[in-house]
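The following exercises are to be worked through with the sequence and the structure at hand. Each task is followed by a solution in steps.

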Amino acid sequence: MASDAETVRIEVAGEPVDGLAGQTIAGILMAGGRLSWRRSRTGRPRGVFCGIGVCFDCLVVVNGLRDVRACQRRAVDGDRVEFQRDDVAEHAGGQEDDHG
Amino acid sequence: MGAGIVGAATARVLARAGCDVVVVDRGATAGGTSASGEGNILVSDKGPGAELLLTWRTLAAWARVREELRDELPAGFPDLEFDRKGGLVVATSPEGAEALLAFARTQRAAGVRAEIVDDARAHELEPDLTPDLTSAVFYPEDAQVQPVVATEALLAAARRHGARVRQRVEVTGPLLAGGRLAGVRTTAGDLFADAVVLAAGPWSAGVAERLGVALPVRPRRGTVLVTSRMPARVRHKVYDADYVGAVGSGSADLQVSSVVESTAAGTVLIGSSRERRGFDDRIEARVLAALAAKALVLFPFLADAQVIRAYGGFRPYVPDHLPIIGADPRLPGLWHATGHEGAGIGLSLATADLLHDLILAPETADPLADAFRPDRPGLPQEHPDGAT
Amino acid sequence: MAEQTVEQVPVLVVGGGPAGMAAARAARLGGARVVLVESGDDLGGQYWRHLPAERQAAREQGGRVAGRPHRGVHQDVPHPGWARFRRMRDDLLRDAGCEVVLGGHVWSVDRRDGAPPLVHVLVGPPDGNGRQPRAFEPAALVLATGAHERTLPFPGWDLPGVFTAGAAQALAKGERVAVGRRVLVAGSGPFLLPVASSLVRTGARVVGVVEAAGRAQLARGWGSRPWRLLPALAKGGELAGYVRDLAAYRIPYRTGAAVVAAHGTDRVEAVTVARLTPGWAPVPGSARRIAVDAVCVGHGFVPRAELATSAGCALGADGSVVVDAGQRTSVPGVLTAGELAGIGGVDLALAEGEIAGSVAAGRAPSPAAVRTRSVFREFAARLAAAHEIRPGWQAWVDDHTIVCRCEDVTAGELRSVAALTGSRGLRSLKLTTRAGLGSCQGRTCGRSVEEILGPAGLVDAGRTARRPLAIPVRLGEIAATAAAGEDVR
């Protein structure tokens, strides 16, 4: 007997978002209107590309853990999702400690 | 023979001096050990001695060569990423601290800038470093370069001065003339030369054998883990104090001492393992596990880091841990520039300069070269690892 | 470090898609105990991808079309052979002699000389942390890791809204999400048809299917000696269904053309479609702009051969694993089936899986499976000829086109570094440009990078499939994988 789908509530970039139990994080993001949520190495917007976990474009930060494929990870109630930025500043080396 | 960093540096120096130079490699340029390491130019792991002197010379040479390359290389050539990063050696046990401090004392006596730093200063240098360190020494002279770009740059400069680089050409045998090496036979025909330089890294013994001489160089396997890019939290090269012991050891068993550093690309490299197992290139989980465990001792935060790649390479290892540079007394015309173990990048330019003097102006050659002669006392002709 | 037990198992199957399921089933019928490792949270692989259990029985409010609520009833996305899948799946899950490890990610294998490798698995969610390590020492290993799509780069392909064809399927079947409202499907191969069918059933309007192979190329593949395709008639029925959808939904199907550019600022808003020469180069003056909000592009499949490579198996020129009549690879005790042994679709995968499973259990394969395999191998050969990528595609890749998506490396950078350094080494060029060094480790760009650099003749081509780490793993998880006892036998 069909019953109403169970919902899960997650947090996306600080905002509460509802999804269906069993949805992947990518499914929830795309159902909510997003096509992109990550910044690539040169700051370009990225979201799902291959959908099967081989391209690594759709990465999100889940509960503080980076590099989680949104298209593979099923959302769990209470998950805290943040958008990953891979246009990280390159480190300055030992410049402040440069002894010449 | 060999288009890795040592062959490239040597080719450039000789081409600049007006020699007609041909570089052959059975594979691609920068296709061997030069592409397997981190591009280290280290004083931190050198005790007093000839290798340390050679390292200082290479460091000084890099400053000069980088300037020269600006004129020699075409615009848009990839950046060498030379970085005077500095290295921090960290002990995490009382025995480790004792050994580290003793070593640092001998280094300081030889003129190495080895700054013993206290806990607070160590964490100022590396905020994410483990709280459980027992002693730490900072070496501001430690530097790094992108090893593949450096190799290709030196080759490009050599070509600019007329050198020819021939890839996929394999040496098959000697050309002898009156007991002297007058060139080599290759898969692409005979090449005649006044001087034949062997710079084939861990494969040098095999090449030497084809030319009729034995060379005590064997492969020493290393494996590296690479993480995805992340916001920078490791600022220098950081090693556990076991590193010194691991380099100097003759043991064939797996030895792991941790080396952790960030790259310009934002990834973190995690090394370093040492095994003597011939040219067996398989990657084993137990080696990766040992690398990972030791890295986490230094930087616990890395437990969450996503490792995306593991690769390995072979260092050219000589039983007395010194490179072999100079004329082969058994075969006039053959010159060696090999056996640099894990320090090829860091000894490359000075090796090339030494060889230049030995070949072209032997009367001016530095007495330092004696330490690296193929017939030096203390270098067995037979390698304990046996046949190639 | 605690000692980890190495589990000895008669038959280990890696991959729970059609080939792996068939292999597990056949090995069981052959009397062997089986462990089947699947990285997803259910069996089925890509071909039988479906809604997760939590959503199958549920009633959902309308659907979702990439963000816009869509009124109307969901039609079920076609799942050919669904009943067969359910039977196989239920049998395996109920079978006490078959342990199905879901959420099992094989991250590395330790090559052994003349024997199957040691197999290292982490059990837990994808890209998790602190997953449970398990190590297996199989007497027979069946690799059924399938394939992933290859998408040729084109200007603008990195815009949000550009997907592989497979993504449209995965999102439709697995999430009931349509990638857009006005979608173009393009690329090469029969896979484009089921993709179009899935898309229309999730509420999208498919404005066209654009196949790069021209009529002559298609005829060469499909049309020559058509009587040899007769035994595959059942397959013809499935394809006919997709062709009916094209008519029913009025989806134009165009051959000898390709998407040569995507346009938009933050997302794709239009694409340029051009006619192609038989060699796949764009014909000047034939370009037409089409407004879309999503485009799905796929140019065939690439076998996922990293575990086979790490185990020491010999690969063919096309990247598939070389097998004999018993599906054995060049490593004793290692077999393979499905797309990994050569792209050929589900029927071939099921037949090969059955053969591999039987042989792994020490039995002779069934004559029926052997016959089916040869029928569908013929089919697969036609597929390859009809849709093989031709080199003219490089003409639509300008210097600004990103080739390596992970590292944002453009075609111009690849070409110029190769010219400036004079290097002909793939390894050297990768380390200098960073192409192929990002998180996907060259899966998406690898072949394209090699072909773009190819003109000079690469000295060490084909390295891209060597990945000792088959998936990314957390450093803490690697550390927690205890050294397997060296003398465990």
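**Exercise 1. Domains of chain B**

Solution. The model is a predicted one, in which local features need pLDDT of at least 70 and side-chain atom pairs count only at pLDDT 80 or more, while totals for chains, interfaces and linings use all residues. Residues are numbered from 1 along each chain as its sequence is written, and chains are lettered from A and ligands numbered from 1 in the order in which they are written.

Step 1: Step 3: 21 residues from domain 1 of chain B and 26 residues from domain 2 of chain B form the contact, two residues being in contact if their C-beta atoms, placed from the backbone, lie within 7 Å. Step 4: on the domain 1 side of chain B there are six nonpolar, 12 polar and three charged residues. Here Ala, Val, Leu, Ile, Met, Phe, Trp, Tyr, Cys and Pro count as nonpolar, Asp, Glu, Lys and Arg as charged, and the others, Gly among them, as polar.

**Exercise 2. A sheet in chain B**

Task: Give the order of the strands in the open sheet of three strands in chain B, and identify the edge strands.

Solution. Step 1: the order is E8-E9-E10 (chain B), with antiparallel pairing. Helices (H or I, at least four residues) and strands (E, at least two) are DSSP runs, numbered from the N terminus, and two strands pair if DSSP finds at least two bridges between them. Step 2: strand E8 (171-177) and strand E10 (189-192) of chain B are the edge strands, since each pairs on one side only. Step 3: from one strand to the next, the twist averages 30 degrees. Step 4: strand E9 (residues 180-186) of chain B is joined to E10(B) by four bridges, and B:Val184 has B:Leu191 in E10(B) as its bridge partner. Step 5: helix H6 (residues 204-211) of chain B lies across E8 and E9 of chain B, at about 40 degrees to E8(B). Axes are lines fitted to C-alpha atoms, for helices over the stretch in contact, and angles run from 0 to 180 degrees between N-to-C directions.

**Exercise 3. Chain B against chain C**

Task: Determine which element gives the most to the side of chain B that touches chain C.

Solution. Step 1: chain B contributes 39 residues to the contact and chain C 36 residues. Step 2: helix H5 (147-160), helix H8 (285-298) and strand E16 (306-317) of chain B each give two or more residues to that side of chain B. Step 3: H8(B) gives the most, with eight residues. Step 4: the chain B side divides into 24 nonpolar, seven polar and eight charged residues. Step 5: E16(B) also pairs with strand E24 (residues 473-474) of chain C, in the antiparallel sense over two bridges; B:Val307 stands opposite C:Val473 in E24(C).

**Exercise 4. Burial in chain C**

Task: Explain why helix H4 (residues 165-175) of chain C is described as largely enclosed.

Solution. Step 1: a residue is buried if 20 or more other C-beta atoms lie within 10 Å of its own, exposed if 12 or fewer, and partly exposed in between, with C-beta atoms placed from the backbone. Step 2: 11 of the 11 residues of H4(C) are buried, so the helix is largely enclosed by the rest of the structure. Among them are C:Leu171, C:Lys173 and C:Glu175. Step 3: just after H4(C), C:Arg176 takes a positive phi of about 55 degrees.

**Exercise 5. Chain A and its contact with chain C**

Task: Describe the secondary structure of chain A and the side of chain A that touches chain C.

Solution. Step 1: chain A has one helix and eight strands, in the order β-β-β-α-β-β-β-β-β from the N terminus. Step 2: of its 100 residues, 52% count as buried. Step 3: 42 residues of chain A are in contact with 39 residues of chain C. Step 4: E7(A) gives the most to the chain A side, with four residues. Step 5: this side divides into 17 nonpolar, 14 polar and 11 charged residues.
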